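Q: Please take a close look at one part of this model, the place where two chains meet. Describe what holds there in plain terms.

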Amino acid sequence: MSWDYVFELIKNILITQTGIPNLEIKQVVMLLIAFFFLYLAVAKGYEPLLLLPIGFGIFLVNFPLVPLMGFSENGTPELIRAFYKYGVEWEVIPCVIFLGLGAMTDFGPLIANPKTLIIGAGAQLGVFITYIGVLFFGFTLKEAASVGIIGGADGPTTIYLTAKLAPHLLGANALAAYSYMAMVPLIQPPIMRLMTTKAQRRIRMRQLRPVSAREKLLFPLIAAILIILLIPAVAPLMGMFMFGNFMRESLVVKRLSDTAQNALMNIVTIFLGLSVGATMQADVFLNYKPLLIFGFGLLDFVVCTIGGILTVHIMNLFLKEKINPLIGSAGVSAVPMSARVSHVVGIREDPDNWLLMHAMGPNLAGVIGSAAAAGMFIAMFQ
Amino acid sequence: MRYKHLWIWLLVVPVLLLSYAAGWAAFGEDIEKPRPEFSSQDGDWIARLTPRGKNSAIEIRFHVDGGTLKSIADKTYTPETHPQVDPKNFRSDFFSIQADVAHGAEAAVSVSSAYFTSATELWGPSAPGSVTWGPTGATNTALADRVNMLTVKVRDGGPLDADRSANGRIEVIVGPRDSFWGYALGTLFIRFFGIFLVLTILMIGMLLSGKVFEWIAARGRATQLPESTPALEALETVPTAEQNAAEGVAPETVAAIALAFHLNSVKTIPIPPIDDRGASRWAVFGRGKIMADRLPVFDRIQKK
């Protein structure tokens with residue numbers, strides 16, 4: 001055995017079996033992007049439950065030669081590819097997250113004031129404006145729909161719709177959705193102040209009526225019947241959402257409800273975050289579309305906020321008991337962040353005006369509204 | 001304070017501006033190009049394909065009256081060769097249809113599908129080999145089962161015959177056209193107002209059911225009150241502070257009883273059974289109220 005042979009062997013090993021010689025500049029860029037999102041999650045606390053696993057997913061898959069998102073020689077999916085295939089591609093995880101969300105949700109404020117459902121519908125304005133906007137930039141109809149839904153401010157819905165219509169945009173859409181959801185307290189207040197007068201921000205709303213346990217129990221059944229009859233395409237999301245809520249309100253399956261809210265939710269969140277992050281490989285992600293998605297995602301949030309507030313202004317033209325327009329911004333379904341923002345902006349004007357529970361109504365309506373919008377888009381492409 | 005949010009806008013505007021040029025350049029991308037599979041059935045040809053902007057496959061049937069359909073192929077046009085032909089408007093692809101006819105004769109070529117609407121047109125080159133496309137003058141007929149049929153008359157060697165010669169074979173190059181922006185904007189309005197409609201129906205359902213529940217609750221309260229139980233009888237004669245003082249119940253005792261009932265109601269500390277005999281009316285009243293408050297919950301579980 002000569003030294004030449006040994007050097008050749010070492011060289012071959014270095015080239016074919018180690019990452020360093022195969023590292024490309026675009027992968028380094030992606031690693032920096034991963035660090036940025038990990039920083040946002042850890043240091044800034046922006047939606048850490050999702051941004052941390054997503055950031056780590058981006059981090060892991062952008063090393064060269066890593067057996068994570070491909071298929072082995074005998075065709076079986078590699079580790080994160082398996083999470084992605086069975087969780088996201090098969091559209092399982094977003095629905096399971098909706099199950100957990102349903103188990104966490106108290107629909108009391110919405111049941112007490114059903115008029116706020118209209119605000120949830122009005123706040124979907126941005127979804128459709130963005131849908132048209134991105135079409136001008138050469139996106140296909142399916143891509144445009146998946147980008148538009150970002151403004152609904154509902155992570156699982158965005159992931160569900162994107163996985164169905166434009167899986168190649170999954171990483172960018174999910175990141176944009178969760179990043180802007182985390183930035184709701186920054187994005188919404190200037191728009192809220194711009195679109196309301198001081199007097200309107202001081203409007204006091206009548207205390208919500210008490211909602212009986214029986215009413216809460218029957219709500220998921222009534223809502224599921226109406227929504228699924230009208231938009232069958234939304235049955236996987238809404239069905240799971242209402243099932244989770246029914247378990248909660250029935251009071252007889254506390255263990256199941258607790259599991260859906262905590263253990264199950266946490267498990268699927270880990271797999272969802274990693275899978276979504278892992279779709280953001282340099283070859284797929286580094287082009288103009290993610291940039292546009294981030295730009296339009298923000299525009300989407302802004303227009304959705306405007307849509308919610310405008311809807312309240314229009315409703316106030318017809319209502320005897322006026323609604324505080326600040327709760328209109330809670331029509332985007334970032335629960336409960338946007339409701340909290342409405343409350344905080346409200347108490348700055350009038351420290352005794354407690355808007356939180358009033359804002360929870362449109363907030364929950366926003367969840368239903370964005371799922372309905374997703375259902376509309378799915379039906380459109382069926 | 002307002003300038004705190006400025007960075008967001010500073011971030012977005014350049015992103016939009018920078019990507020604008022790249023966006024238009026990307027118009028040529030056709031990542032949803034349909035890939036039809038052809039088969040023949042009873043002398044007709046059928047193309048099965050997934051059109052642009054759809055997830056499910058559709059079928060397009062081709063038929064020729066006055067000739068024999070020989071073959072069909074799909075055509076691909078790029079923005080470089082056909083800048084005026086925007087594939088987005090031709091969601092169900094372009095086709096080259098070849099049929100045998102008598103020399104110089106006219107044949108009626110029809111293309112039908114449940115995917116077509118009354119607004120679908122059949123477009124083709126305005127002259128043989130031209131890169132400019134326009135309507136072929138096809139008629140759109142609604143058939144049963146929501147099928148629309150587009151029929152165009154083609155003469156061998158005529159303007160729609162791509163080989164331009166009366167050789168007993170016609171070749172027609174066409175694409176069923178649906179206006180992309182018409183569809184995108186139309187569906188936008190329909191679906192946006194669809195969400196209002198769905199949530200309005202849900203709102204009406206909830207308002208009605210809310211009224212029913214409020215009525216049931218009011219009725220329940222009304223029927224509960226007349227029942228004659230020792231606890232409820234005590235409700236009608238809630239003692240005043242003066243009466244309590246006269247009975248010799250110290251305010252501290254009242255406060256302690258109230259606290260015990262409160263703790264019991266939040267299930268923090270279980271209260272041992274109390275002998276009713278000799279209990280003050282305050283105690284009986286409080287216990288009656290707690291039982292009445294809990295009744296609906298137990299009632300629901302029993303009805304399960």
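A: In this predicted model, R209(A) and E214(B) form a salt bridge between their side chains, 3.9 Å from N to O; the term means a side-chain nitrogen of Lys or Arg within 4 Å of a carboxyl oxygen of Asp or Glu. Between chain A and chain B there are two salt bridges. Helix α14 of chain A (residues 213–230) supplies eleven residues, the largest share of the side of chain A that touches chain B; helices here are DSSP runs of H or I with at least four residues, numbered from the N terminus. That side of chain A consists of 46 nonpolar, ten polar and ten charged residues. Here Ala, Val, Leu, Ile, Met, Phe, Trp, Tyr, Cys and Pro count as nonpolar, Asp, Glu, Lys and Arg as charged, and the others, Gly among them, as polar.

In total, 66 residues of chain A and 54 residues of chain B take part in the contact (heavy atoms within 4.5 Å). About 5400 Å² is buried between chain A and chain B, and carbon and sulfur atoms give 77% of this area. Buried area is the accessible area, with a 1.4 Å probe, that two parts lose on being put together, summed over both.

Residues are numbered from 1 along each chain as its sequence is written, and chains are lettered from A and ligands numbered from 1 in the order in which they are written. Local features need pLDDT of at least 70, side-chain atom pairs count only at pLDDT 80 or more, and totals for chains, interfaces and linings use all residues, while side-chain values use heavy atoms, with hydrogens and water left out.

Notes: Helix = DSSP H or I, 4+ residues; strand = E, 2+ residues; numbered from the N terminus.
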